[in-house]
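My entries follow in the order I made them.

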Amino acid sequence: MIKSHSPCMVQHNLKMENALKLALNTASLTRTGHSGGGCINQGEAYITDNGTVFVKSNKKSKARLMFDGEFEGLSAIAATNTVAVPKPIKVLDNPDGGACLVMEFLEMKGLRRFSQQLGDSLAKLHLHNESLRNVKDSGYVKEFGFHTTTCCGYIPHENSWKDDWVSFFAQNRLDYQFKLLEKEKGDREANELWSRLQIVLPTFFKDLEIKPSLLHGDLWSGNAAETKTNPVIFDPATFYGHHEYDLAIAGMFGGFNRSFYDAYHKLIPRAPGFENRHKLYQLFHYLNHWNHFGSGYRGSCISTMKSLLK
C-alpha cells in the first residue's frame with residue numbers, strides 16, 4: 001500500500017482535489033478522516049463551503065460509466081420518497097484517470113434499530129411504480145430495464161428495455177453473465193446446465209403477473225445502514241424488474257433479520273413458487289461474483305442450477 005506521504009500520492013490528491021473544488025464551487029476542501037471502500041471503489045469525506053460530501057473514486061477506465069449509472073439509480077430511488085439514499089451531487093472525471101461520484105455525506109452505522117422500517121420502505125419502493133399506473137404524466141414505467149447502463153460491481157448491466165420479465169431476466173441478466181464466463185474462463189458443465197435451465201425457465205413464473213418495480217439491484221447487507229433517524233440504502237445497481245429479485249442477494253450473506261422480512265412481506269406477500277425463484281435470482285449474483293472474483297463461486301453456481309433442475 002502506498003502511504004499518504006508519498007510524493008506521487010500527494011500530487012494525485014492535489015490534482016483530484018483541485019478538480020473537486022472547481023466542480024463543487026468551493027474554496028475549502030478538508031478531509032474529515034471518514035473514509036471507506038470495498039472491493040471495487042474507495043471513498044473519502046470532505047468538508048466544503050457548502051457542507052460535507054462523500055466522494056467515491058475508481059481509477060478504472062470505465063469508472064465514469066459505473067458512476068453515471070449509480071448517479072441515475074440514486075436519483076430514481078430518491079424521487080420515489082420511499083427509502084432514504086445519499087443524494088447524488090455530481091460525477092466528474094479524475095485528472096489521473098477514472099472518475100469519482102460526489103454525494104451527500106451521511107453519518108451512518110450498521111443496520112439494527114431500523115431493520116423493520118427498511119423492510120417496510122423497500123416494499124414501498126417496489127410498489128411505487130405500480131401506484132403511478134393510472135396517474136396521467138406520472139412517469140409510470142411499463143417495461144423492464146433502465147434508461148441508462150448501471151453496474152453491479154464493475155460489470156455493466158444490459159438494461160435494454162423488454163416488455164417480458166422472463167425474457168429480460170434470461171437474456172439481459174443470466175445469459176449475459178454466462179457469455180462473460182465463456183469469454184473469460186469457459187466452463188463446459190456450467191454451460192450445459194444453463195442450456196437445460198433456459199428451457200424450463202418459464203415454468204418458475206407460471207400463472208404469475210410480474211409488474212415492473214424500481215429495484216436497488218444489489219441489496220446485500222453491506223449496502224444498507226442507518227442514521228440516527230432512519231435506514232439508508234446505497235451503492236445501487238438500479239433497474240426496473242421483478243420485486244423478488246432484490247431479496248435474493250439480501251439472503252445470501254446474512255445481515256437482515258426477521259423483522260426486515262416480516263415488514264416487507266406484510267406489504268408484499270410471498271407468491272407461490274417464491275423459493276425456487278429466490279434461488280434463480282441468487283444464481284445471477286453467484287455468476288456475477290464468479291465473473292468478478294473467480295472460481296470460488298463456481299460451486300454455488302453449479303449446485304444452484306442442479307437444484308433448480310431437479
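**Entry 1: positive phi in loops**

I started with Asp 207, which lies in the loop between H5 and strand S8 (213–215). Helices here are DSSP runs of H or I with at least four residues, strands are runs of E with at least two, and both are numbered from the N terminus. I noted that the model is predicted, that local features need pLDDT of at least 70 and side-chain atom pairs pLDDT 80 or more, while totals for chains, interfaces and linings use all residues. Residues are numbered from 1 along each chain as its sequence is written, and side-chain values use heavy atoms, with hydrogens and water left out.

Asp 207 is not a glycine, yet its phi is positive, at about 60°. Most residues other than glycine have a negative phi. I then checked its accessibility: Asp 207 counts as exposed because its relative accessibility is 75%. The cut-offs for relative accessible area are under 20% for buried, over 50% for exposed and in between for partly exposed, with a 1.4 Å probe and protein chains only.

I found a positive phi at Asp 137 too, near 55°. Asp 137 sits in the loop between H3 and strand S6 (151–152). With 74% relative accessibility, Asp 137 also counts as exposed.

**Entry 2**

Two packed helices are described by the angle between their axes and the distance between the axes. My axes are lines fitted to C-alpha atoms, for helices over the stretch in contact, and the angles run from 0 to 180 degrees between N-to-C directions.

For helix H4 (residues 165–184) and helix H8 (residues 274–293) I read an angle of about 25° and an axis separation of 9 Å. H4 is therefore roughly parallel to H8. Under 35 degrees counts as roughly parallel, over 145 as roughly antiparallel, 65 to 115 as roughly perpendicular and the rest as oblique. The crossing of H4 and H8 is left-handed; that is, the near helix is turned anticlockwise from the far one by less than a right angle, whereas clockwise would be right-handed.

I listed the residues in contact, meaning heavy atoms within 4.5 Å. H4 contributes residues including Trp 165, Phe 169 and Phe 178, and H8 residues including Tyr 281, Phe 284 and Trp 290. By class, the contact of H4 with H8 has twelve nonpolar, three polar and one charged residues. Ala, Val, Leu, Ile, Met, Phe, Trp, Tyr, Cys and Pro count as nonpolar, Asp, Glu, Lys and Arg as charged, and the others, Gly among them, as polar.

**Entry 3: H4 against H5**

The axes of H4 and helix H5 (residues 188–200) cross at roughly 160° and come within 10 Å. H4 is thus roughly antiparallel to H5. I recorded this crossing of H4 and H5 as left-handed. From H4, Ala 170, Leu 174, Asp 175, Phe 178 and Glu 182 meet Ala 190, Asn 191 and Trp 194 of H5. I sorted the contact of H4 with H5 into five nonpolar, one polar and two charged residues.

**Entry 4: H3 against H7**

Helix H3 (residues 115–131) and helix H7 (residues 258–267) have axes that come within 7 Å and cross at roughly 30°. H3 passes H7 in a right-handed crossing. Among the residues that meet are Leu 118, Leu 122 and His 126 in H3 and Phe 260, Ala 263 and Tyr 264 in H7. Their contact divides into eight nonpolar, five polar and two charged residues.

**Entry 5: cysteines**

How many disulfides are there? I counted zero, taking a disulfide as a pair of cysteine sulfur atoms within 2.5 Å. For Cys 100 the nearest cysteine sulfur is that of Cys 151, 16 Å away. Cys 100 is buried, at 0% relative accessible area. The sulfur of Cys 301 has its closest cysteine sulfur in Cys 152, at 13 Å, which is too far for a bond. Cys 301 is buried as well, with 0% relative accessibility.

**Entry 6: two single residues**

Is Leu 247 buried or exposed? Leu 247, in helix H6 (residues 246–250), counts as buried at 1% relative accessibility. Leaving aside neighbours within four places in sequence, its contacts include Leu 122, Phe 260, Tyr 264 and His 278.

Gln 117 lies in helix H3 and counts as partly exposed at 34% relative accessibility. Beyond residues up to four places away in sequence, Gln 117 touches Thr 229, Asn 230 and Pro 231.
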